[in-house]
Amino acid sequence: MAKARVTGTAPAPAPTEAAYLPGVAFDEMYAEGGMVREHYNPIHARLATLSPEALAERQKTLERSFLLQGITFTVYGAEATTERIIPTDLIPRIIPGAEWNRIEKGLIQRLKALNMFLADIYGEQQILMDGVVPRDLVLGAASYRREMQHVFVPHKAYANVCGSDLIRGQDGEFAVLEDNLRVPSGVSYMLANRDAAKRTFPGTFRIANVRPVERYPDLLLATLKSMAAEWRPNPQVAVLTPGVYNSAYYEHAYLARLMGVPLVEGRDLVVHENQVYMRTTTGLRRIDVIYRRVDDDFIDPLTFRRDSGLGVAGLFNAYRAGNVVICNAPGTGVADDKAVYAYVPDIIRYYLDEDAILPNIETFLCREPAQLSHVLANLDKLVVKAVGASGGYGMLVGPHASQKERDEFATVLRADPGNYIAQPTIQLSTAPCLIDGANIEPRHVDLRPFILSGEKTVVTPGALTRVALRRGSLVVNSSQGGGSKDTWVLSEPRSAKS
Amino acid sequence: MMLARVADSLYWIGRYVERAEHLSRLSDVMLNATLDQTDAAAQAAYIALSAVGDRDQARAAKPYEAALALVMDRKDPNSVLMSLALARENARQVRDQITTETWERLNLLFLKVTADDAPQEFERQSSAFLHDIIADLHLFKGAADATMSHGEGWRFLLLGVHIERAQLIARLLEVCFGDTRGRRVTDRLALMSLLRMACALEPYLRQYTAEIEPRYILDFLLFDEDFPRSIRFATARIEEDLTSLARRMDSHGRAGPERLAGRLKARLQFADVEELEATGASGLLATVTTECARIHEAIYETFVAYPLELRLPA
C-alpha cells in the first residue's frame with residue numbers, strides 16, 4: 001500500500017515503489033529494475049521537485065479549468081442536476097518518436113485495408129467470394145447496411161475519422177485491441193488535455209520536444225472538404241449532433257467551433273428534392289458535407305430507425321443521389337465488428353499483400369465449436385465480449401469474476417455463441433498517475449490515436465490515453481470509471497533524422 | 001448567415017440575463033429598503049413584488065422570504081437562479097457560436113448560483129451575493145461586447161436584452177405611475193428605491209439634482225435619450241438591431257419586425273411628459289408592452305419559425 005506523505009515543502013519522494021508490482025505489467029516510466037526510461041527523464045525529474053501540495057494544487061487548477069470550460073457531462077439527479085468533469089490526470093504519458101513512427105505506419109496500413117474492405121463488401125464482395133472472411137459473418141452482422149450496397153463514396157474513404165484502441169502488453173509491444181470506425185469520440189479530450197499539460201508543466205514541455213496535436217481541427221476540416229463533390233468549389237460543412245443532452249456534446253460543439261462550421265441538429269435540417277438544407281435566419285442554405293456524430297440507426301427515419309427524432313427524413317436518399325456526403329459513411333461499423341476484427345490481419349494481407357505492422361490480440365471466435373469449447377474451459381483466464389456491444393458493456397473479465405458470474409456467463413455463451421468472442425486477459429501497461437491528489441501510483445492505460453482519411457490519410461501525432469483509475473482495474477472506458485491523460489509524442493532526435 | 005435555432009438561443013440568452021439582472025436588483029433594493037421599518041420600506045416592497053407580478057401582498061411583510069424565493073427558487077422558472085440556468089443552457093446549445101470568454105463568464109456565474117452552498121451564502125450575505133450576480137452579469141455583457149463579432153449573433157443577443165428591458169421598465173413604471181392602481185407612490189425614499197431598482201439613481205441625480213419628483217422620474221425613465229435603461233433608449237436600440245438584421249435579409253417586400261420597431265420608436269420619440277400628465281402614463285406603457293410582444297412574434301415569423309414553403313429555392 002502507498003504510504004501517507006509527510007507534509008511540508010520537501011520534494012516529493014519518488015513514486016511509491018510499493019505501488020508497483022514488478023513483472024505484472026509493462027510500465028511506461030520504469031524499466032525493469034526501477035530504472036527510469038530515457039524519454040521519461042524530464043518529467044520524472046520535474047515530478048521529483050514538486051511537493052505533494054504543489055501537485056495537488058495543479059490538479060485542482062486543472063479540474064477547475066475543465067469545469068469552467070464546460071468540459072463536463074451532466075448527472076441527472078432527483079433533486080438537482082449536477083455537472084461533473086471527466087477525471088483527468090495531469091501526468092503526461094510519453095511515447096518516443098521512433099516507436100510512434102511504427103504506430104503511425106501501422107495505423108495507416110490498417111485503415112487503408114479496412115476502407116478497401118468496406119468498398120469491397122459494399123461493392124463486388126470479392127473477399128467473400130474468395131472465402132477469406134466468412135460471408136455470413138459480414139452479411140449477418142447487425143452493423144452491415146444493405147442500403148449502402150453500390151453507393152458511391154468519394155476516394156472510397158468510408159471511415160473518415162477512426163479512433164483505434166491500442167494497448168501495450170507485458171512484452172512491451174503495442175497491439176490493436178479494437179478499431180472504432182463508427183463515431184469515435186475523445187479527440188476533444190486529447191486537445192483539452194494538451195492545453196492543460198502545457199499550462200501544468202510548461203518548462204518540461206518546452207525541453208521535451210513534443211509534437212503538436214493542435215492541427216487536428218483543420219486537418220479534420222480538410223478531410224471533410226476533400227469528400228465533397230469537386231464541382232462544389234466551396235463546400236459547406238456542418239457537424240450533426242444529437243443535441244445538448246448527448247454525453248459527447250461538448251466535443252461536437254468544440255470541433256464545430258474550432259473548424260468554424262455550424263453545429264446542426266436534425267431539426268435544423270430539411271431535405272428538399274434530394275438536397276440537404278439548414279434553416280438559417282436568412283432562409284435555407286445548402287449543406288455539402290455532414291460530419292455526423294449520430295449513429296447510423298438514427299440519421300434518417302425513412303431509411304433506418306423510424307422512431308428516431310435525431311436525424312433528418314430523406315437524408316439517406318440525398319446521400320445516395322450524391323448531393324451530400326455523410327462522414328463517416330453509414331455501415332462502417334461492420335468493419336470494426338469484434339468478430340470481423342479477428343480477420344483484420346487476413347484482410348490486410350488480402351488487399352495490400354503486406355503483413356500487419358500492428359498485431360492483433362489473439363481472438364477466439366465462439367461461433368467456431370472448437371474455439372467455443374476452449375473458451376468455456378478457460379473462462380477464468382479470458383475476457384469475453386459481446387460482438388455488437390461497446391463501451392465496456394456486456395463483457396466478462398474472467399480473472400476478476402466470481403465462479404458464479406462465470407457460470408452464469410457460460411450459460412449465456414452456450415445459448416448464443418455467435419454473439420461472443422474471447423481474448424486472453426492482457427495486463428495493459430501502466431503509467432504513473434496522481435491518485436487522491438497525493439500519491440503517484442501506476443494505473444493501467446490504453447492508447448487511442450485518431451486517424452483521418454479522405455483524399456489523404458493522416459495520423460495526428462498524439463492520442464487520448466485512457467486510464468483505469470481504480471487500482472488494478474483493466475477497464476478504461478469512461479462509462480466504467482475511466483479517466484484520461486495527455487499523451488506526448490516526441491520528435492525524433494535530430495541525429496536520427498539526418 | 002446563422003442557424004435559425006442559434007439566433008433563437010442567442011435572443012433568449014439576452015432575455016434571460018436581463019431578467020436575472022433586473023430581478024437581482026429588485027431583490028437587493030427591496031432587502032436594503034426594508035431594513036427600515038417605515039412606510040417607505042413597505043412601499044418599496046410593494047413596488048418590487050408588484051413589478052414581478054406577485055399579487056400576494058402578504059409577502060411584502062416578509063421581504064427576506066420573498067427575496068429568497070425570487071432569487072433561489074428552483075421551481076419558479078422566472079427566479080434569478082432559473083433565468084441564469086436557462087441562459088446558460090441556451091449558451092451551451094450554441095457553444096460553438098459564442099466566444100470562450102463570453103461562455104466562461106456565464107458558466108462561472110451559473111456554477112456559483114447552483115453550488116450546494118449557494119443558499120447558505122445568500123442567507124449569510126444576501127446583499128453581497130446579489131451584488132456579485134449583478135457585477136458578474138455586467139462582466140458577461142462586457143465580455144460579449146469586447147470579444148464577439150458585432151454581427152448577426154451579437155445583434156440577436158442585444159435584441160433579447162433590449163426587448164426584455166423595455167418590458168421590465170414599463171412594468172415597473174406601470175406599478176408606480178399607472179392610472180389603474182389604487183396606490184400611487186409619492187414617498188421620497190420609496191421613489192429613490194424605485195430609481196435604484198432601475199439602476200438610475202446616480203444618472204438621475206446628475207440630471208435633475210436631488211429633486212426627486214414623480215414627474216421627473218417618469219420623464220427620465222421613459223424619455224431620456226442617453227440613459228441605457230430608459231424606454232426610449234431601449235426602443236431605439238431594438239429598432240437599430242432589427243434594421244441591422246433586416247439588411248442581411250432579402251425581405252421579399254414583407255413588412256418585418258423592423259417596421260414595428262420603427263413605429264414604436266417613433267411613438268416614444270414624439271411623446272413627452274406633458275402629454276402623459278394630461279392623459280396618464282398607462283396608455284403609453286401598455287403600448288410599449290404590447291408592441292414589444294408583437295415585435296417578439298414578428299422576429300419569430302421572420303427569422304426563426306418561418307414557413308418553409310416561402311423559402312424553398314426556386
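**Close-up views of a predicted two-chain model**

In chain B, 70% of the contacts with a separation of 6 or more are between residues 24 or more positions apart; two residues are in contact if their C-beta atoms, placed from the backbone, lie within 7 Å. This is a predicted model, in which local features need pLDDT of at least 70, side-chain atom pairs count only at pLDDT 80 or more, and totals for chains, interfaces and linings use all residues. Residues are numbered from 1 along each chain as its sequence is written, while chains are lettered from A and ligands numbered from 1 in the order in which they are written.

**View 1. Chain B as a whole is built from helices and has zero strands.**
Take a moment to look over chain B, with its 15 helices. Helices (H or I, at least four residues) and strands (E, at least two) are DSSP runs, numbered from the N terminus. The radius of gyration of chain B is 20 Å, close to the 20 Å from the globule rule for 314 residues, so chain B is as compact as a globular protein of that length. Here the radius of gyration is taken over C-alpha atoms, and the globule rule is 2.2 Å times the number of residues to the power 0.38. Along the principal axes, the C-alpha atoms of chain B fill a box of roughly 70 × 55 × 35 Å. Of the 314 residues, 50% count as buried. A residue is buried if 20 or more other C-beta atoms lie within 10 Å of its own, exposed if 12 or fewer, and partly exposed in between, with C-beta atoms placed from the backbone. The mean pLDDT of chain B is 91, and 96% of its residues reach 70 or more; pLDDT is the predictor's confidence in each residue, from 0 to 100.

**View 2. Helix 9 of chain B is largely enclosed by the rest of the structure.**
Why is this helix described as largely enclosed? Seven of the 10 residues of helix 9 (residues 188-197) are buried, so the rest of the structure largely encloses this helix. Among the buried ones you can find Leu191(B), Met192(B), Leu194(B) and Met197(B). The buried residues of helix 9 pack against helix 1 (4-33), helix 2 (39-51), helix 8 (152-177), helix 10 (201-208) and helix 11 (214-223) of chain B. After helix 9 comes Cys199(B), with a positive phi near 60°.

**View 3. Thr209(B) sits in the loop between helix 10 and helix 11 of chain B.**
Most residues other than glycine have a negative phi, and most peptide bonds are trans. Thr209(B) has a positive phi, near 55°. Is Thr209(B) buried or exposed? Thr209(B) counts as exposed, with 9 C-beta neighbours inside 10 Å.

**View 4. Chain A and chain B meet through 21 residues of chain A and 23 residues of chain B.**
On the chain A side, helix 2 (52-69), helix 9 (249-259), strand 8 (263-264), strand 9 (269-272), strand 10 (275-280) and strand 11 (283-286) each supply at least two of the residues that touch chain B. The predictor gives the complex an ipTM of 0.86 and a pTM of 0.90.

**View 5. Strand 9 and strand 10 of chain A form a hairpin with two residues between the strands.**
The two strands pair in the antiparallel sense over four bridges; a pair needs at least two bridges found by DSSP. Val270(A) has Tyr277(A), in strand 10, as its bridge partner.

**View 6. Four strands of chain A form an open antiparallel sheet in the order 14-17-15-16.**
At the edges, strand 14 (364-365) and strand 16 (395-397) each pair on one side only. Strand 15 (residues 382-386) is joined to strand 16 by three bridges, and Val384(A) has Leu396(A), in strand 16, as its bridge partner.

**View 7. Ala113(A) lies in helix 3 (residues 97-121) of chain A.**
Ala113(A) counts as buried because 22 C-beta neighbours lie inside 10 Å. Leaving out residues up to four places away in sequence, Ala113(A) touches Ile347(A), Ile348(A), Tyr351(A) and Leu352(A).
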